[in-house]
Amino acid sequence: MDMTKFLDQFKLMLFVGMFTLIGQLVSSGASPIEALPGMLLIMLIAMAALLLKTLVPLQFPAFAWATLIAFILTIPMMPTSTFLLEQINKVGFLATTTPILAFAGISVGNKIGILKKISWKLVIVSLIVFTSTFFGSALVAQLLLTLQGTI
Amino acid sequence: MTEKEILTWSGRSSKFLKVLGVVLAIVVVSELIGMVKFAVGPGTVVLLPMLYAVIIGMLITPDVLGKKISALKKLIGNDEIEIAGVGVMIALLPLGVRYGTLVGPNIVKVLEAGPALILQELGNLFTPLLALPIALMLGLRREAVGATVSICREPTLGVIGERYGMSSPEGNGVLGTYIVGTVFGTIFFGFLGSLAILTGLHPYALAMACGVGSGSMMTAGAAALAETVPAAMKDTVLAYAATSNMLTGITGIYSVIFLAVPFTNWYYRRLAPRFEAKDLKIAEQEAE
């Protein structure tokens, strides 16, 4: 495993954590100090996810590892569940999304030029594709949830 | 540059600080504006800080405002855009953890909904069903197969690229939908998520539908949807969306290879002759 790369990733992660807490303070006035332990736990799991991605020879992205670890640790029968949920829930779900999309907006910057080269027809077709995939999936889910008696 | 090189600070720390400073400024401005909800006809559109963040981020890049304002061009150039790309990957991880903590406590509900969560992927077949005829009507031909075969995230890009080649008409089609999704996906799913409740479909079914595309499409759709459902359903909505997205990551590629590609090609062969006959007629008329 590559230690320099891992530390560089951690450095960026520290900023991401800081931005999330600042964002939360701005939006809801939530104290960054109070949410700090939860944020540190999140960062710890996130770094474990990056580590597992390099150690386990599966085509499993770090994002999926992060979800999987946090999922297993917070299943009700796990001894870690109550403590982790209590701390991590102090970090707002929406607060973690804003930094991602700030990075994402900048990162597609050099693709907007390419977008102009795509015919307007493909843009219309894409939007129809998104809409029909979304509602196709919703219809199948609705049907199955009704058959299962879940809804 | 490799990912490791992009991550290297030494000699490049000013570039990192520029990106990080800009991201912090975008976060603060977006959170200051805060969530805005407004009624449009019978529905509610939910605008979340993440939406402003992605729009501001795009606006300040060299292709848009950077072209006109030279100070912006100095702030965000191509190196900074590459760093931001790696930044997305890192910043996604805390969200991944947060999703795990939503699914864990709701494990019983997720298991109960298991079959629906796995099989909703089949809804993908509705994509070419509706989108292919429209693409043909607009005058696209083999590009339409690539563009409408699925929602065209990375796995589809790989499958179509391998089978037809990226520079083939099919490859152009898949790339088109992919790029539009990358640039406008979050914004569009935010609107879909906030207005979808008007269809009368159950919030849980819509939650699963939010998971069909990329991680940020899902986040934008699910977060907006969660604001329009009764408070007691909020966590379950987010948990279902996250699980659906995770399962799509596993099953999606197989459904593209074994179902979507054969089906779209079969459908194309049935539909295309009518349009090609029309093409021929137009060509003949032009020749005269």
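What follows looks at the contact between the chains and then at one of the pockets.

Keep in mind as you look around that this is a predicted model. Start with the place where chain A meets chain B: 87 residues of chain A and 109 residues of chain B take part in the contact. Together the two chains bury about 9000 Å², and carbon and sulfur atoms account for 83% of that area. On the chain A side, the residues losing the most area to chain B are A:Phe93, A:Ile106 and A:Phe134, which together make up 9% of what that side buries.

Now for the polar side of the story. Twelve residue pairs are in polar contact between chain A and chain B, both residues being at pLDDT 80 or more. Two salt bridges are found across the interface. You can look for B:Lys4 with A:Asp2, a salt bridge whose closest N and O atoms are 3.1 Å apart.

Finally, turn to the second largest pocket, which holds about 230 Å³ of space. Its lining counts 14 residues, and A:Phe71, B:Val110, B:Thr243, B:Met246 and B:Leu247 lie nearest the centre. Two or more lining residues come from each of α3 of chain A and α6, α7 and α14 of chain B; α14(B) provides the largest share, four residues. The lining divides into twelve nonpolar and two polar residues, with no charged ones.

How values were computed: Residues numbered from 1 in each chain as written. Chains lettered and ligands numbered in written order. Predicted model: local features only at pLDDT ≥ 70, side-chain atom pairs only at ≥ 80, totals over all residues. Heavy atoms only, no water. Contact = heavy atoms within 4.5 Å. Buried area = accessible area lost by both parts, 1.4 Å probe. Salt bridge = Lys/Arg side-chain N within 4 Å of Asp/Glu carboxyl O. Polar contact = N/O pair within 3.5 Å; in protein donor to acceptor, adjacent residues only side chain to side chain. 1 Å grid on protein atoms, 1.4 Å probe; cavity = no way out; pocket = protein on both sides within 12 Å on 5 of 7 lines; lining within 4 Å. Points joined across faces, edges and corners; volume = space filled by probe spheres on them. Nonpolar A, V, L, I, M, F, W, Y, C, P; charged D, E, K, R; others polar.
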